[in-house]
Amino acid sequence: MASLLNPPLTLPQNKLNPGGVLAASTSGIPSKKFQPSSTRWSHRRCLLMRAKTSVETDMLANDSVGTDAVDDKDFGVVCMHHVGILCENLERSLDFYQNILGLEINEARPHEKLPYRGAWLWVGSEMIHLMELPNPDPFTGRPEHGGRDRHTCIAIRDVSKLKAILDKAGIPYTLSRSGRPAIFTRDPDTNALEFTQVDA
């Protein structure tokens, strides 16, 4: 399954710019023109960068951009960094996310600095943050189709391959109601996950 997800970026860890973000050369990467009207995926690709790993220092940099010359609503959105997912049992969730979905742990993220157990998993160049905390959502009474519930959507290359993986593991799922190549399933804590097929 790991091959279905975008591979994580490999960037030099010592090339931080003053804003606290890694900068990378894109000279060896094929470029695609930005075409929001014709390609749903191309406008979702983030810049090739990674935030610093420190939880405390990546929230606000000491050197902030002056707001006088900037639109008061433009605070510099770059991309989605991570999605937080609550779990009751970290080991059970890691078994699902690692062994079924093929995600890899980001060992650089801080675990010991947080007051709860958790793990950071790579999803392409972004992450899922599993957090072993009480879940306020009910386990029962949720919609069968995850598309009608709060959900996290992950872009993949081959929905039919994921369908075969879920079938083999005996994990229930539903297909997209719109007919597009997408599949919805739930993790062991009933968190809804969507996997949508995109052109790589």
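1. The structure holds one aromatic pair. Its members are F96 and Y97, in an edge-to-face arrangement with 5.1 Å centre to centre and 90° between the planes. Rings of Phe, Tyr and Trp (its six-membered ring) count as a pair if their centres lie within 6.5 Å; planes under 30 degrees apart are stacked, over 60 edge-to-face, and the rest tilted.

2. A word on the source: this is a predicted model, in which local features need pLDDT of at least 70 and side-chain atom pairs count only at pLDDT 80 or more, while totals for chains, interfaces and linings use all residues. Residues are numbered from 1 along each chain as its sequence is written, and side-chain values use heavy atoms, with hydrogens and water left out.

3. Buried means under 20% relative accessible area, exposed over 50%, and partly exposed in between (1.4 Å probe, protein chains only).

4. Y97 is found in helix 1. Helices (H or I, at least four residues) and strands (E, at least two) are DSSP runs, numbered from the N terminus. Leaving aside neighbours within four places in sequence, Y97 is in contact with I85, G102, L103, L121, I128, L130, D187 and L193; contact means heavy atoms within 4.5 Å. The C-alpha atoms of Y97 and I128 are separated by 9.6 Å, and the two residues are 31 apart along the chain.

5. The side chains of Y97 and D187 are joined by a polar contact of 2.7 Å. Such a contact is a pair of N or O atoms within 3.5 Å; within protein, one must be able to donate a hydrogen and the other to accept it, and residues adjacent in sequence count only if both atoms are side-chain atoms.

6. The largest nonpolar core has 23 residues, of which Y97, L101, I128, L130 and F195 touch the most other members. Helix 1 gives the most to this core, with five residues. A nonpolar core is a set of buried Ala, Val, Leu, Ile, Met, Phe, Trp, Tyr and Cys residues joined through side-chain atoms within 4.5 Å.

7. T185 lies in strand 6 (residues 182–186) and is buried, with a relative accessible area of 4%. The T185 side chain reaches the backbone oxygen of P172 at 2.8 Å. Not counting residues up to four places away in sequence, T185 touches L166, I171, P172, Y173, N191, A192, L193 and F195.
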